[in-house]
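Please read the following briefing alongside the sequence and the coordinates. The points are grouped by topic.

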Amino acid sequence: MTLSPEEHRRLAKRYRRRTTLTAYAFLGPNLVAFAVFLLIPVVWLLVSTFRTGGVLGPAEFVGLDNWRDTFSDPLARTSIRNTVVYSAMAIPTVFIIAMILALALNAIPRGGAPIRVALYLPTLQPAVVAAFIFTFVLHPDFGVINYAVRWLGGDPINFLGDTTLALPTIAGIEVWRGTGFWTMMFLAGLTALPGELYHAAELDGAGAIRRFIRLTLPLLRPTFYFAVIFATIVNLQLFDSVFALTDGGPVNSTVSVSLYIYRSLFLFGDIGFGATLSFLLVITVLLLTGLQTYLLRDRK
Amino acid sequence: MSAVSPRADVAVSLIQVAKSYGDVEVLQPFDLQVGEGEFVVLLGPSGCGKSTIMKMIAGLEEVSHGEIHVAGELVNYVRPRDRDVSMVFQNYALYPHMTVRDNIAFPLTMSRRPRLKRDVIGARTLEAADIVDLAPYLDRKPAQLSGGQRQRVALARAIVRQPAVFLMDEPLSNLDALLRADMRTSLLEVHARIKKATLYVTHDQIEAMTMADRVVVLNAGRIQQIGRPRDLYTAPANTFVAQFIGSPRMPLHDLEVRDDGTLSFADATLTGDADVPLAPGASVTVGLRPSALRATSSASACFAGKVTRRDYLGSDSYLDVDLGAGLSVMVRAEADSAVRPGDTVRVAADPGAIHVFDDVGARVCGASARRQKR
């Protein structure tokens with residue numbers, strides 16, 4: 001006894017609907033959270049960029065005033081420049097150090113576990129704790145580094161009080177915090193690479209440096225892809241270490257976009273301005289992610 | 001160190017080579033010489049140490065003891081790339097981000113002494129690709145090729161360097177049966193063309209028997225026998241080789257030598273063909289090669305028993321025959337034989353069918369069987 005084509009169509013449709021519904025049932029809770037905590041706030045943010053007030057007093061439509069203010073505000077420009085300069089210093093530095101450490105750890109046949117733990121510990125420090133630690137390391141009067149500088153006969157260096165040194169110092173601290181994380185990330189990528197390929201390359205005459213350039217770098221492309229995007233997103237949101245160490249000083253030389261947004265929203269109560277700056281940050285992150293996706297795509 | 005020294009016409013020479021990891025000895029000391037142009041197969045079950053031998057020759061594993069000579073030179077302390085060996089890996093080990101052309105050319109582009117010109121690299125790459133019929137696929141990436149094509153890329157990459165020795169580590173084990181047979185032929189054609197010493201690792205006895213000039217049978221880190229395929233089949237050195245070579249597997253039976261130096265096996269008498277008769281009372285193991293036992297209607301049959309099972313293989317059939325008293329043999333029959341389980345058959349033994357091993361499993365002699373008078 002076989003079914004009619006009509007019956008087959010009906011049953012196939014029902015079967016497909018059932019599997020689709022199961023998929024949506026699993027996705028549902030996530031989609032709700034996405035809408036409530038991300039989609040709606042971003043839309044509200046966009047609306048807020050065209051208004052003023054709205055938290056303590058009634059909101060008022062102001063057109064493009066907030067956008068004009070943002071682009072003409074010198075401190076907004078400074079904060080964007082600081083954030084970009086900071087990212088340009090911190091991301092390549094942490095990647096290079098982490099890659100060297102990952103390659104070294106990957107070459108150790110055994111006994112790497114304690115070193116991995118030691119490397120990862122800084123990543124586990126909250127920024128406030130790291131700031132506290134670095135106060136003792138960098139302080140002009142009682143910091144360890146300046147103690148050494150004085151012992152060597154030099155003048156104390158005011159790392160966080162000097163307008164040219166403060167931002168690189170913060171970048172250095174963030175590199176210290178991030179090195180463990182990125183080392184583990186790259187080490188995971190390296191460990192996953194097939195050993196036979198390296199044996200083949202060794203027999204084919206490729207030395208360690210050429211194996212790294214011709215094999216490791218191209219094969220780690222998916223890891224780099226994730227790393228570059230993730231690091232960009234995280235670093236453009238630089239806030240906690242600046243907040244804890246310098247509060248944007250000296251002379252706004254370490255004001256980041258996130259810190260300026262925080263000040264605008266929570267200290268000055270300028271909702272429209274803060275919202276516009278926030279929205280600008282969201283768009284920048286999205287554009288950069290898109291650009292990196294394009295540049296790092298796998299060319300077939 | 002051993003008194004053995006490498007000969008000039010020998011491409012690879014292993015002298016008392018052994019490998020251990022800490023206290024664990026994975027390869028007992030052994031000697032092996034591979035002649036120029038010779039095709040030697042290392043055969044054994046998984047974990048017997050055959051790939052370790054290969055890796056030690058390539059320089060990918062350190063040698064714990066002994067000396068390895070390639071083309072007359074001691075290479076124990078020479079880097080893999082300077083050993084003049086090429087290796088084909090089980091999983092091909094192709095560089096996934098490079099085209100077939102770049103994969104094949106890679107060893108040449110890495111060459112520093114001498115540094116090769118671009119047109120030389122191009123010409124040699126094409127030549128190697130031609131040998132393995134890959135010329136139409138040079139601009140493809142490995143992911144766009146079939147398993148057989150990928151293996152040919154790996155082979156071309158090994159050929160292009162024109163090394164003194166080829167090492168092949170189970171190169172066909174990832175291919176399906178049909179492709180494997182084709183690739184076996186291709187590999188032998190390539191070998192006949194380039195005539196270089198080749199060491200080939202496999203656990204597949206058909207590959208070993210069909211391809212090798214000589215086979216090295218390994219088990220548990222110890223060489224069991226080195227010989228031509230025919231020698232392994234007709235005169236296995238021990239019970240391991242006897243059972244590992246040949247399909248179906250040779251059944252073994254423990255017996256005791258009678259006072260007259262013969263053995264009683266079911267209703268037959270087995271007489272050893274050695275110059276020295278078997279010692280009365282000695283414990284021996286007897287193996288009967290299934291392919292040399294025939295189901296027959298002839299009166300010259302030496303055994304008779306009841307068929308318990310019949311395996312049809314297309315070209316012929318194999319019968320499990322219960323001879324009584326706990327003894328059974330496996331016997332070849334015509335493919336279209338009418339014999340069925342439950343039938344009684346007579347069994348004739350061809351010369352070379354019966355092998356006698358001593359109590360530690362080493363081969364003592366062959367034996368002939370004749371029906372006992374009742």
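**Cores**

The largest nonpolar core has 115 residues, and those with the most contacts inside it are I57(B), A156(B), L167(B), L199(B) and V331(B). A nonpolar core here is a set of buried Ala, Val, Leu, Ile, Met, Phe, Trp, Tyr and Cys residues joined through C-beta atoms within 7 Å. A residue is buried if 20 or more other C-beta atoms lie within 10 Å of its own, exposed if 12 or fewer, and partly exposed in between, with C-beta atoms placed from the backbone. Apart from this core lies another, of 43 residues, among them I173(A), V175(A), L245(A) and V257(A).

This is a predicted model, in which local features need pLDDT of at least 70 and side-chain atom pairs count only at pLDDT 80 or more, while totals for chains, interfaces and linings use all residues. Residues are numbered from 1 along each chain as its sequence is written, and chains are lettered from A and ligands numbered from 1 in the order in which they are written.

- Beyond its neighbours within four places in sequence, A156(B) is in contact with I104(B), A128(B), A129(B), I131(B), V132(B) and L134(B); two residues are in contact if their C-beta atoms, placed from the backbone, lie within 7 Å.

**Contact between the chains**

- Chain B brings 16 residues to the contact and chain A brings 13 residues.
- On the side of chain B that touches chain A, β6 (85-88) and α2 (100-110) of chain B each supply at least two residues. Helices (H or I, at least four residues) and strands (E, at least two) are DSSP runs, numbered from the N terminus.
- That side of chain B divides into 11 nonpolar, 4 polar and 1 charged residues. In this classification Ala, Val, Leu, Ile, Met, Phe, Trp, Tyr, Cys and Pro count as nonpolar, Asp, Glu, Lys and Arg as charged, and the others, Gly among them, as polar.
- In helix α8 (residues 195-203) of chain A, the buried residues are L197(A), H199(A), A200(A), A201(A), E202(A) and L203(A).
- These buried residues of α8(A) pack against α9 (208-219) of chain A, together with α1 (50-58) and β6 of chain B.
- Just after α8(A), G205(A) has a positive phi of about 100°.

**Domains**

- Chain B is assigned domain 1 (10-242) and domain 2 (248-371); the bounds come from an automatic or database domain assignment.
- The C-alpha centres of domain 1 and domain 2 of chain B lie 39 Å apart.
- Their contact takes 8 residues from domain 1 of chain B and 10 residues from domain 2 of chain B.
- Helix α8 (residues 239-244) of chain B gives the most to the domain 1 side of this contact, with 3 residues.
- By class, that domain 1 side has 5 nonpolar, 3 polar and no charged residues.
- Chain A is divided into domain 1 (5-48) and domain 2 (74-295), with C-alpha centres 37 Å apart.
- In chain A, the contact between the domains takes 4 residues from domain 1 and 6 residues from domain 2.
- The side of domain 1 of chain A that touches domain 2 of chain A has 3 nonpolar, 1 polar and no charged residues.

**Sheet in chain B**

- An open sheet of 6 strands in chain B has the order β11-β14-β20-β21-β13-β12, with antiparallel pairing; two strands pair if DSSP finds at least two bridges between them.
- Its edge strands are β11 and β12 (263-265) of chain B, each pairing on one side only.
- Strands β14 (residues 283-288) and β20 (residues 354-357) of chain B pair in the antiparallel sense over 4 bridges.
- The bridge partner of T285(B) in β20(B) is F357(B).

**Backbone and loops**

- Most residues other than glycine have a negative phi, and most peptide bonds are trans.
- A cis peptide bond, with omega about -5°, joins S247(B) and P248(B); P248(B) is in the loop between α8 and β11 (252-256) of chain B.
- A220(B), a residue other than glycine, has a positive phi near 50° and is in the loop between β9 (214-219) and β10 (222-227) of chain B.
- A220(B) is partly exposed because 15 other C-beta atoms lie within 10 Å.
- A325(B) is not a glycine, yet has a positive phi of about 55°; its place is in the loop between β17 (316-324) and β18 (327-334) of chain B.
- A325(B) is exposed, with 10 other C-beta atoms within 10 Å.
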